[in-house]
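I opened the notebook to go through this structure piece by piece. Below is what I looked up, in the order I looked.

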Amino acid sequence: MAAKSKTLVIVESPSKAKTISKYLGSSYEVIASVGHIRDLPKSKLGVNIENDFEPEYIPIRGKGDLIKEIKKKAKQAGKVYLATDPDREGEAISWHLAYLLGIDINSPCRVTFNEITKNTVKEAIKHPRGIDISLVDAQQARRVLDRLVGYQISPILWRKVRKGLSAGRVQSATLKMICDRENEITSFVPREYWNVVATFKKGQKFDAKLMEHKGKKVSIENQAQCEDILKVLRTGDNLVKEVSTKTRTKKPFPPFTTSSLQQDASNKLNFATKKTMMIAQQLYEGVDIKGHGTVGLVTYIRTDSVRISEEAKAKAKAYIEENFGKEYVGNNFFSNKKKDIQDAHEAIRPSDISLEPKKIEQNLTKDQFKLYQLIYNRFMASNMAPATYDSMSVDIQNGDYTYRANGQKMTFDGFLKIYNASSDEDKDKILPKLEKEDKLELLSVDGEQNFTQPPSRFTEASLIKELEDKEIGRPSTYAPIVITLTERKYIKKEKKSLLPTELGFVVNDLMNAYFKDIVDAGFTAYMENQLDDVELSKANWKTIVREFYGPFEKELKVADSEIERVKVEDQLTGEICEICGKPMALKTGRFGDFIACTGYPQCKNTKPIVKELDVKCPQCGNNIIARKSKKGKTFYGCSGYPNCNQVFWYKPVNEKCPKCGSLLVSHKGLTCSNPDCEFKK
């Protein structure tokens with residue numbers, strides 16, 4: 001009977017299991033399912049359309065031994081708690097675990113917590129509940145819809161365009177947005193316009209912009225118009241017509257949601273969305289902090305809510321008053337874009353505000369510190385007072401023309417004391433003391449030619465904002481969307497901009513012609529709202545799938561019969577095949593890009609793509625190049641191979657270890673490539 005006394009707690013990740021295990025003590029055993037353990041099969045559709053879209057779940061390949069181990073431990077345990085993440089995906093994992101372990105889903109078996117701290121976890125264990133089937137059904141609906149779209153459109157693209165292509169419900173709508181933006185840029189016709197700026201003096205110099213003529217907005221379309229206006233403005237008196245002063249406030253931003261964290265980390269830290277989520281997950285699951293043990297540093301990282309618990313607010317305000325003064329304490333109210341969905345989750349915030357970023361910096365990697373500091377400062381700033389400015393607006397009259405000058409001075413920094421959110425518009429711009437009817441000295445007045453600019457290409461940050469504004473997908477899906485579109489070669493990244501490839505345009509054109517609903521942003525947002533209704537128990541998930549599938553099935557038949565074979569031109573490299581003399585082209589294979597002869601299958605000559613690093617081999621002085629192993633793993637070796645066999649498994653940098661003189665490599669910051677040297681930077 002002794003073996004039965006332990007309580008088994010199942011979570012998703014091993015690192016989370018390790019953290020929670022330390023909190024719960026020896027009467028609990030905490031193990032990880034390592035994500036999903038049951039899913040739709042990869043080899044077939046896995047949705048029984050004839051049987052009302054019933055999913056055909058199977059254990060995930062390779063997890064047989066893990067499932068046996070979980071079943072064995074569950075049998076030995078006195079109680080089993082399912083403590084997967086507190087969202088749709090986590091609820092579904094718990095539901096699948098309950099099925100495999102024979103647990104009644106209505107029994108108190110489900111445990112959730114928004115942060116992984118000792119008190120929160122222990123308190124959650126005291127209040128188990130049944131599995132929320134509405135959350136599970138919302139996840140099932142998404143999974144089935146995505147499978148129906150992906151597994152039935154993708155084969156058509158394989159046959160008609162190229163092997164290895166794919167289409168997805170949210171992915172295709174996102175690709176259309178990127179292609180549409182590129183088409184706008186390509187078709188954009190610049191329009192000329194002119195601005196007139198004068199420099200005046202009244203004790204000090206200041207600039208003013210020409211705004212009105214006879215009370216109407218000035219519009220100057222060419223140089224001739226501008227010269228005519230300048231002739232008038234260079235004569236006559238310039239008198240102050242009106243001076244208005246007011247106090248302007250700049251309010252802090254709300255604490256982070258998943259989406260706003262991804263955007264801010266992209267803009268401020270230059271982190272890709274995938275990297276942001278990976279590091280945020282590490283901070284959530286727990287980091288070993290000297291003197292504190294393993295601590296989950298931030299609350300749950302997948303949330304659409306800006307809500308903060310009253311307890312967390314009170315602690316933040318007490319901290320602000322103690323460290324900055326009472327005047328810095330804010331009383332801000334932030335509301336969610338959607339009232340009902342996921343409001344059970346708080347916004348992303350630090351779990352313990354006493355763990356200031358600088359105090360624990362030595363326990364974190366560089367990237368963990370940067371992201372934690374961003375989350376910490378944003379949360380603290382959201383509880384601080386607004387910044388205030390004294391602003392002045394001055395209208396200056398010259399005959400029928402009116403200039404305007406704006407000035408301001410910050411009178412209180414408020415939340416800007418800790419959060420970098422100021423822009424050029426917020427900088428101090430001091431105007432001289434001016435009064436109505438003051439006569440001003442004109443120092444110069446000139447016209448400047450401008451042209452209207454096309455819309456900017458999307459960056460990851462601006463794409464996420466657009467997806468969120470249009471209610472396409474969910475924050476947890478934003479990173480996979482960009483990764484999938486890039487891996488399929490539908491889009492590419494130039495500096496920070498995302499732009500479609502020729503292949504992306506071809507696929508988008510076909511999708512636009514035959515699957516208008518799938519690529520339509522409005523329809524995709526409508527489907528997201530339908531999934532939300534399932535979560536809120538307002539809709540039946542199979543009804544939603546049924547209504548979607550009727551028209552979609554007809555579109556599939558039309559597309560398959562009407563689409564003719566589309567040839568996508570090879571991207572030539574400029575090299576000539578040394579075997580047959582035909583051009584070499586860029587190709588994509590299982591392990592990434594390579595160069596191949598366009599004479600295939602008659603000529604099967606292929607080459608790897610060599611990426612040279614600006615780093616010399618420490619053994620022979622040749623350049624180090626990036627290579628791929630047979631399993632597709634990137635490593636770095638000497639270009640002089642086989643004469644020189646120098647290899648690095650992490651990317652070397654042009655910097656030597658101060659201790660032993662070996663090259664440093666980029667791994668958890670910078671570390672020495674010499675395995676016998678423990679130098680880290």
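Predicted model: local features only at pLDDT ≥ 70, side-chain atom pairs only at ≥ 80, totals over all residues.

Which residues in α8 meet which residues in α9? On the α8 side I found Thr 258, Leu 261, Gln 262 and Ala 265. Their counterparts in α9 are Thr 273, Thr 276, Met 277 and Ala 280. Sorted by class, this contact has 4 nonpolar, 4 polar and no charged residues.

I then looked up the geometry of the pair. Helix α8 covers residues 258–269 and helix α9 covers residues 273–285. Their axes come within 9 Å and cross at roughly 120°. I wrote down the crossing of α8 and α9 as right-handed.

**Entry: the sheet with β1**

Next I looked up the sheet that holds β1. I found an open sheet of 3 strands in the order β2-β1-β7, paired in parallel. Why is one side of β2 and of β7 left without a neighbour in the sheet? β2 (28–32) and β7 (79–82) stand at the edges and have a single partner strand each, so one side of each has no neighbour there. From one strand to the next, the twist averages 20°.

I checked one pairing in detail. Strand β1 (residues 7–11) runs parallel to β2 and is joined to β2 by 5 bridges. I looked up Ile 10, and its bridge partner in β2 is Ile 31. I also noted a general point: in a regular strand, side chains alternate between the two faces of the sheet.

What lies across these strands? I found helix α2 (residues 64–76) across β1, β2 and β7, and α2 runs at about 165° to β2.

I moved on to another set of strands. Strand β24 (residues 611–616) pairs with strand β25 (residues 623–628) in the antiparallel sense, over 3 bridges. Here Lys 611 stands opposite Ala 626 in β25. The hairpin of β24 and β25 has 6 residues between the strands, and in this hairpin Gly 621 takes a positive phi near 90°.

β25 also pairs with strand β26 (residues 634–638), in the antiparallel sense and over 5 bridges. In this pairing I found Ile 625 opposite Gly 637 in β26.

**Entry: one serine**

Last, I looked up Ser 94, which is found in helix α3 (residues 88–101). Is Ser 94 buried or exposed? Ser 94 has a relative accessible area of 0%, so I recorded Ser 94 as buried. Leaving out residues up to four places away in sequence, Ser 94 touches Leu 82, Thr 84, Arg 110 and Ile 131.

Methods:
Residues numbered from 1 in each chain as written. Heavy atoms only, no water. Axes fitted to C-alpha atoms, helices over the stretch in contact; angles between N-to-C directions. Helix = DSSP H or I, 4+ residues; strand = E, 2+ residues; numbered from the N terminus. Left-handed = near helix turned anticlockwise from the far one by under 90°. Contact = heavy atoms within 4.5 Å. Nonpolar A, V, L, I, M, F, W, Y, C, P; charged D, E, K, R; others polar. Pairing = 2+ DSSP bridges. Buried < 20%, exposed > 50% of the residue type's maximum accessible area, 1.4 Å probe, protein only.
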